[in-house]
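Hi everyone, thanks for coming. Let's bring it up on the screen.

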Amino acid sequence: MFIGVVKKVTHQECINCGAKYGINEIVYFCKKCGDLLEVKYDFTQLAKKLEESNWQDVPLSLWRYKDFMPIKDVSKIVSLNEGGTGLHSCHKLGKKLGLLQLYVKNEGENPTGSFKDRGMTVGVSKANELGAKNVICASTGNTSASLSAYAAKAGMRCTVLIPSGKIAYGKLSQAMIYGAKVFQVRGNFDQSLDMVLKLSEKHSSIYLLNSINPFRVEGQKSLGFEICDQLDGEAPDRIVVPVGNAGNISAIWKGFTEYHKLGFIRKLPKMTGIQAAGSAPVAQMIKSGSDEMVPVKAPETVATAIRIGAPVSWKKAVNAIRNSGGTAETVTDEEILAAQKLLARDEGIFVEPASASSIAGLIKLVNSGVIGKDERVVCVTTGHGLKDPDTAVKMSEKPVEIDAEMKAIEDALGLNRQASIVAGEAK
Ligand code: F0G
C-alpha cells in the first residue's frame, strides 16, 4: 500500500555543495565533497498531501507525522509506538530559577527509553523498504539499545560497536537482550564510529544507522513537531538540548523549520546546545565564533552518552544554533549531577546524566542572564534515568538498614519521639 501518488519526498542533498542523490540511493556522505546529506521535500506537494490527510486527528505519536516522513510503503513501517512523550510543565523548578514557563520534553518515555527511537523507527523502516538484512551502528549506548530493538522487530541482523567499559549498564543490557551482536571496542566512540563508517562503505550489504544517515534524522525531527502541537501551535522561545554527536539538535531544528515553512507556527525557537565540559567541540565553536571543529582527543565526562570528541553532525548543529539565534554552553560533571538530582526531586522526572545536562545548561544560562526570565523554555531530556542506575545510586543517600520490627522503623522515622512529645504535651 502506498501513501500517495504525489512525490512529496524528492531527493537527498549535500548541505555543502548541493549535489543531489536519489531517495533510494545508499549514500552516507556526499561523493563530491564529503559533506553531510539531508532529505529534501517538495513543500507544495507536501502541503497538498497534508490538506487531504486527517493527520491532525491522529493521537500524538511519531507516525501521526507519517506524511512528513520519507517512507513510501507504509507496510514496511517498523514501529514500537514511539513519540507522544510528555511535555511536563515544571512550575517548581521554574519558580526556583525565576522562569514563568519552563517545560521538560521527556524523551525517556520512548519504547527503549531514549529519543533514539524516533530516528530508529524511520531509519529501520527505510532499511526495510530498501530490503536491508544487516544493520549496524556505533554507540555510546542508547543508539545501540534502540537499533537492537527495531532490528529485532524487523527480523534484521544487528551489529553494534560500543566503547569498551564506558557505557552505562542499562543500555548494554538492552542491546544484549534484544539479540544484537555486541562488540566492545578498545577505544572511544569516535574510533568506533570511524570503524562502522568504513565497514558500511566497503560492504554495501551492511546498512549504517548512525545519525549521519539522513533518514534517521527525519524521524528525530518529529520532536520539534510534537513540542509545537503540545503548545497549541506555537514554538517556544527556546529549546535547550544536550549535544553529543550533534544529530538531534540538527533534527529538531529541521522539524521546526519545516513546520514554519508550512505555516503551522509563526516563529522559530532559539536552539541552545549543551555539552559536557570535557567533550565540547561544538560549544567551543559557538563561543569562539570559529568555523572549524577542533576534535577533543580524549573526551571525558560522567555523562557517557555525550562523551564524544568529534561529532559527525557538527556542521548541521552549528548551522542550527547560528541560524536560530541560539547559543551553546558547557557544563561540568558536578553541575550535571546536581541538575539530575534537582529534576528528580522537584519534578519527579528521573533522567540519565547526559539528559540532565540540558537542565544544568539552563541553570547556568539563566544565572548568567543569557536566557531571559520571560522566555518560554523547553528543555529536552533525552534518556531515562534507569539507563544508568549506578550513577544515581552513587550520588544518593544510602538506604538505612534496620531490623524487621515496627519499633526499628518508627525509631528511624522519629515517630516514637514525636508520639512521646505529643503524650508529654497532653499531660
Ligand atoms: N542524550 C543522550 C541520552 C544520548 O544518548 C545522546 C547520544 C545525546 C543526548 C546526544 O545526542 O548525539 O544526537 O547529539 N547518544 C548517542 C548514542 C551518541 O550512541 O547513543 P546527539
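Let me begin with the lining of the largest pocket: by class, it has nine nonpolar, five polar and six charged residues. Here Ala, Val, Leu, Ile, Met, Phe, Trp, Tyr, Cys and Pro count as nonpolar, Asp, Glu, Lys and Arg as charged, and the others, Gly among them, as polar.

A quick word on the model: it is predicted, so local features need pLDDT of at least 70 and side-chain atom pairs count only at pLDDT 80 or more, while totals for chains, interfaces and linings use all residues. Residues are numbered from 1 along each chain as its sequence is written, and side-chain values use heavy atoms, with hydrogens and water left out.

Back to that pocket. About 440 Å³ of space lies in it. Of its 20 lining residues, Glu38, Lys40, Trp253, Lys254 and Thr257 are the closest to the centre. Which elements each supply at least two residues of the lining? They are β3 (37–41), α9 and α11, and the largest share, eight residues, comes from α9. Helices (H or I, at least four residues) and strands (E, at least two) are DSSP runs, numbered from the N terminus.

By pocket I mean, on a 1 Å grid over the protein atoms alone, an open set of points with protein on both sides within 12 Å along at least five of seven lines; in a cavity, a 1.4 Å probe fits but cannot get out, and lining residues have an atom within 4 Å of a point. Grid points are joined across faces, edges and corners, and a volume is the space filled by probe spheres set on the points.

The largest cavity has a volume of about 300 Å³. Among its 25 lining residues, Phe115, Lys116, Gly244, Asn245 and Ala305 are the closest to its centre.

Finally, the helix pair. Helix α9 (residues 247–261) packs against helix α11 (residues 314–323) at an angle of about 50 degrees, their axes 8 Å apart. Axes are lines fitted to C-alpha atoms, for helices over the stretch in contact, and angles run from 0 to 180 degrees between N-to-C directions. The two helices are therefore oblique to each other: angles under 35 degrees count as roughly parallel, over 145 as roughly antiparallel, 65 to 115 as roughly perpendicular and the rest as oblique. In this contact (heavy atoms within 4.5 Å), Ile249, Ser250 and Trp253 of α9 meet Lys316, Ala317, Ala320, Ile321 and Asn323 of α11.
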